Amino acid sequence: MRLQRINGWFYAALCVIAALPILTIAYPPIVDFPNHAARLHIACHAADYAGMYEYRLGVIPNLAIDLINLPLCGLVTPERVVLATIALAQLSICASVWFIRKRLFGENDALVLVAPALFLNLVTTMGYANYLVGIAILFWMMFFLLSRPQASWLALLAIGTLGGIAIFFSHIFALMFAMVAMCGWLWHGRFAGMGWRGAALAGLSTVGMFIIPLALVPLAAGSGETGFGVGLSPWSKIRAVLSPLYTNNITLDIIAAVIWSSAMIILLRARAFVVAPAMRGALLALLVACIFLPGRLLDAVDIDARLFTSFIFLALASARLEMQARAREVVAALALGTLVLHTALAILIWRPMSAQVAEWRAASLVLPARASVLTVEATRGPLMYTTTRMSYAHLMSYATIDRHIFNPYEFTGKGMQPMVAVGAYEPLDTPVGVPLKPDIARLTFGPPSPTPKWLALMEQRNMQYTIEWGARFPYIVYFHFGKAPNFDPRRLRLMTQGSFFSVLVPKDSAIAHADR
């Protein structure tokens with residue numbers, strides 16, 4: 001194989017290999033995966049959750065996976081729908097990278113091998129499935145436009161309307177990414193050499209191109225309960241830079257980032273990359289957006305990191321290597337080495353965690369249907385297989401599927417989700433949240449009530465549901481990861497436990513007395 005011309009079948013095989021951890025491991029540590037699966041299960045069995053959750057579709061810019069799931073109800077499990085959607089969307093992006101490069105340069109060199117090497121990234125391992133579908137649609141829109149550089153304005157309007165509506169219903173951030181990319185593409189293309197006047201015209205043309213999907217934005221349901229505000233910090237930018245290599249294993253991610261960053265700096269200083277003129281404007285606009293966009297906006301997180309991951313894939317589609325054979329071999333070795341490392345990660349970390357999930361699903365049978373269950377999670381422990389607790393944040397969603405319990409951490413954000421908590425369960429819900437840490441759980445168990453200052457902070461962080469939770473949640477699942485199974489033995493009684501979790505009940509509850 002000559003590294004200045006990569007074989008298409010070899011590239012396709014690498015992409016499939018890169019997808020195997022997601023497709024073959026039953027419960028990979030993809031953060032939002034259990035939560036998505038629970039929502040899809042509720043969509044297919046709404047009657048079983050009547051009075052707890054209400055599922056209804058509408059003009060919601062976050063529906064891709066839900067729309068894929070509906071015709072598959074009863075045919076494919078929601079877990080398979082989620083994992084297949086994530087894998088196929090990322091495979092589609094990798095395929096579009098190949099074809100965009102073929103359109104721009106006529107062939108593919110060793111740089112294209114980086115795309116399957118980055119298959120496990122922040123977007124896939126966090127489980128941002130809807131956003132990923134929207135980005136896949138955008139990349140094929142770019143391929144179509146590059147194939148017809150002289151397309152009429154009417155054709156651009158048609159592309160912006162059809163593709164934009166599909167992206168809108170996938171994810172609102174994907175639509176934002178699409179508009180930024182298209183504005184830069186038009187500025188450097190049809191309005192080249194016109195300076196800021198050209199930028200203004202490109203912006204207006206982009207709005208016109210996406211006018212119909214933009215008209216859908218005000219029709220989306222109001223956000224309702226939101227919190228957290230705007231987050232723009234050095235850490236969010238560091239996370240964004242790490243995002244193309246993000247696997248929820250911080251040590252591995254930092255090592256890979258240092259190696260790749262060092263290699264890229266050397267290659268950039270040697271002017272080893274040549275970016276296709278047709279894509280320079282789009283990449284520049286996206287890079288500026290990555291720098292200035294916040295990491296968090298209201299309840300949404302990783303805004304800049306999602307954008308930067310997508311930017312890297314578009315950059316891979318838009319650049320080629322201008323260097324001697326030895327340097328091409330270095331790039332290919334880095335790409336293949338990263339792919340091997342991620343496969344090893346799946347074997348050494350993902351499979352043991354998948355076994356933990358299977359243990360938890362079997363043990364969750366002790367939870368009665370329609371019970372309200374609070375989750376508490378230790379910060380660290382010997383049986384935590386990933387280096388971040390986020391990989392375990394939504395394990396309670398499996399009990400939502402298996403036992404029909406009420407879990408306050410299901411995605412029910414008003415305006416961005418098709419599911420809401422109803423009835424007596426609504427005050428126990430939070431539109432977005434993560435399990436409590438033991439110290440916070442001890443503090444909010446019961447009287448005395450929090451101070452006004454603490455109440456204001458809880459409202460800002462969507463934590464009102466935790467106020468005196470000891471009287472409102474009859475079951476507590478504590479993921480201790482090998483530490484002591486009871487974080488508050490004075491007020492909680494151990495009901496049952498597994499290798500990394502325990503089920504607790506308040507001592508003064510009827511359940512605790514009946515269990516004696």
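Helix α2 comprises the twelve residues 33-44, which at 1.5 Å a residue should span 16 Å; its end C-alpha atoms lie 17 Å apart, in agreement. The expected span is 1.5 Å times one less than the number of residues, and helices are DSSP runs (H or I, at least four residues; strands are E, at least two), numbered from the N terminus. The model is predicted: local features need pLDDT of at least 70 and side-chain atom pairs pLDDT 80 or more, while totals for chains, interfaces and linings use all residues. Residues are numbered from 1 along each chain as its sequence is written, and side-chain values use heavy atoms, without hydrogens and water.

Eleven of the twelve residues of α2 are buried (under 20% relative accessible area, with exposed over 50% and partly exposed in between; 1.4 Å probe, protein chains only). These buried residues pack against elements including α4 (78-105) and α7 (129-147), where contact means heavy atoms within 4.5 Å.

C44 is partly exposed, at a relative accessible area of 27%. A disulfide (cysteine sulfur atoms within 2.5 Å) joins C44 to C73, with an S to S distance of 1.9 Å. Because C44 lies in helix α2 and C73 in the loop between α3 and α4, the pair ties together parts 29 residues apart in sequence. The link of C44 and C73 is left-handed, with -75° about the S-S bond. C15, by contrast, is in no disulfide; the nearest cysteine sulfur, that of C94, is 4.3 Å away. C15 counts as buried, at 5% relative accessibility.
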